[in-house]
Amino acid sequence: MTHYNPDGDAIGSSLGLYHFLVAWGHQVDVVVPNSYPGFLQWMPGNDRVLVASEQHQEVVERIHQAELIIFLDFNVMDRVQQLEETFRQVGVPKILIDHHPNPEPFADIMVSSTQVSSTSELLYELLVGLKGEDAIDRNMAECLYAGIMTDTGSFSYNSSLPDTYYVVSRLIEKGIDKDRIYWRVYDNYSVDRMRLLGYCLNTKLRVFPEYGAAYISINRRELKEFNYRSGDSEGFVNYPLSIGGVMFSAIFIEQEGYVKISFRSKGDFYANRFASAHFNGGGHKNAAGGYSELSLEETLEKFESLLPQYKGQLLENHLYHAD
Ligand code: 5GP
Ligand code: MN
């Protein structure tokens, strides 16, 4: 089981574990709360994934039949959304494998570390610790590599420790084609997605050089106009950070009844603290998210009105990291 709006690490770690457990004779279901973008739908075992928002009853039945439940890549129970109550009801042992800070104690066994790039990297260490290096096959390696690659933005952040590269070298030894994996994830977008990105950068980007911040917002009408499909805006939030002096970036996407928000930062600005203090969210220091139940306009006003009080942190951080 992994989190709502599954990303590459969520799917990669879940399917990596799936192959491992199946190889050891277990009967395994992989469950996600909702569906995920096409550029993540190629991993071996993808056709075995059950999507709770589409097959709710079947998923609930499987959860009630399970003898063991393993949660991957999230630290707070509400990230499973509509299945939270079901999981709270079932009394079987639960394991968490995750790399987010401050996990809530919702599992019996918590394998949690922030000293890794990704859940996939942590899972690799765990599986090798359990059964040795030979227990990792090419299918597992493809999934785990995809998880590490996506959670580090192709090794541009969350990837400053040597262990990550040790694990990657081991995965490459399993015969994976790393260029092909890159191509399937990053060079596999729809035309609509490219045009939406162009539109956002041209028209919807707001930059606040005086605060070292920038954001993009997309409303429902624009989503419709560009035939938006889940995952199309993945990665947009990183673009404003490419502007010199911008240390903190956000994207606001209007949904029905709420606004979904992603935050990214460079250096020592704690995006997760900002997300939890103001937007019902959390996450990592440099990559966090949350939501707002205000209208899109009010949410943007709120965000802008918060910037002055963070000016010190953002600009201090900027000066520190500029040299
Ligand atoms: P993304 O911007 O890619 O959706 O999320 C980046 C990170 O922020 C995720 O890995 C997750 O840790 C965190 N995150 C995103 N949305 C939420 C949210 O609504 N609540 C919490 N607690 N964390 C979130
Ligand atoms: Mn992750």
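Predicted model: local features only at pLDDT ≥ 70, side-chain atom pairs only at ≥ 80, totals over all residues.
**Entry 1: around E3.** I started with E3, H3 and E4, which together form a right-handed β-α-β unit. Right-handed here means that, with the strands pointing away from the viewer, the path from the first strand over the helix to the second runs clockwise. The elements are DSSP runs numbered from the N terminus, with helices (H or I) of at least four residues and strands (E) of at least two. Residues are numbered from 1 along each chain as its sequence is written, chains are lettered from A and ligands numbered from 1 in the order in which they are written, and side-chain values use heavy atoms, with hydrogens and water left out.

Next I checked the pairing: E3 runs parallel to strand E4 (residues 94-98) over 4 bridges, and pairing requires that DSSP finds at least two bridges between the strands. Isoleucine 70 sits opposite isoleucine 95 in E4. I use buried for under 20% relative accessible area, exposed for over 50% and partly exposed for in between (1.4 Å probe, protein chains only).

**Entry 2: H2.** In helix H2 (residues 56-65) I found Val59, Val60 and Ile63 buried. They span an arc of only 100° around the axis, so they are on the same side of H2; the arc is taken from the directions from the helix axis to the C-beta atoms. Gln57 and Gln65 are exposed on the other side of H2. The buried residues of H2 pack against strands E1 (30-32), E2 (49-51) and E3 (69-72) and against helix H3 (84-89).

**Entry 3: the metal.** Which protein residues hold the manganese ion (ligand 2)? I get Asp9 (OD), Asp73 (OD), His99 (NE2) and Asp151 (OD) as donors, at 2.2 to 2.4 Å from the ion. Donors are N, O and S atoms within 2.8 Å of the metal (3.2 Å for Na, K and Ca); water is not among the atoms, so sites may look incomplete. Their spacing along the chain reads D-x63-D-x25-H-x51-D. Aspartate 73 is in the loop between E3 and H3 and aspartate 151 is in helix H5, so this pair ties together parts 78 residues apart in sequence. Both of these aspartates are buried.

**Entry 4: cores.** The largest nonpolar core has 41 residues, and Leu15, Leu17, Met43 and Leu171 have the most contacts inside it. Helix H5 (residues 138-151) gives the largest share, 8 residues. A second, separate core of 24 residues includes Phe208, Met247, Ile261 and Phe279. Such a core is a set of buried Ala, Val, Leu, Ile, Met, Phe, Trp, Tyr and Cys residues joined through side-chain atoms within 4.5 Å.

**Entry 5: serine 154.** I found serine 154 in the loop between H5 and helix H6 (162-173). Its relative accessibility is 27%, so serine 154 counts as partly exposed. Leaving aside neighbours within four places in sequence, serine 154 contacts Met149, Tyr182 and Tyr186, contact being heavy atoms within 4.5 Å.

**Entry 6: the open sheet.** Last, I traced 6 strands in an open sheet with mixed pairing, ordered E6-E7-E8-E9-E11-E10. Strands E6 (205-208) and E10 (282-283) are the edges, each pairing on one side only. Strand E8 (residues 248-254) pairs antiparallel with strand E9 (residues 259-265) over 7 bridges, and alanine 250 faces phenylalanine 263 in E9.
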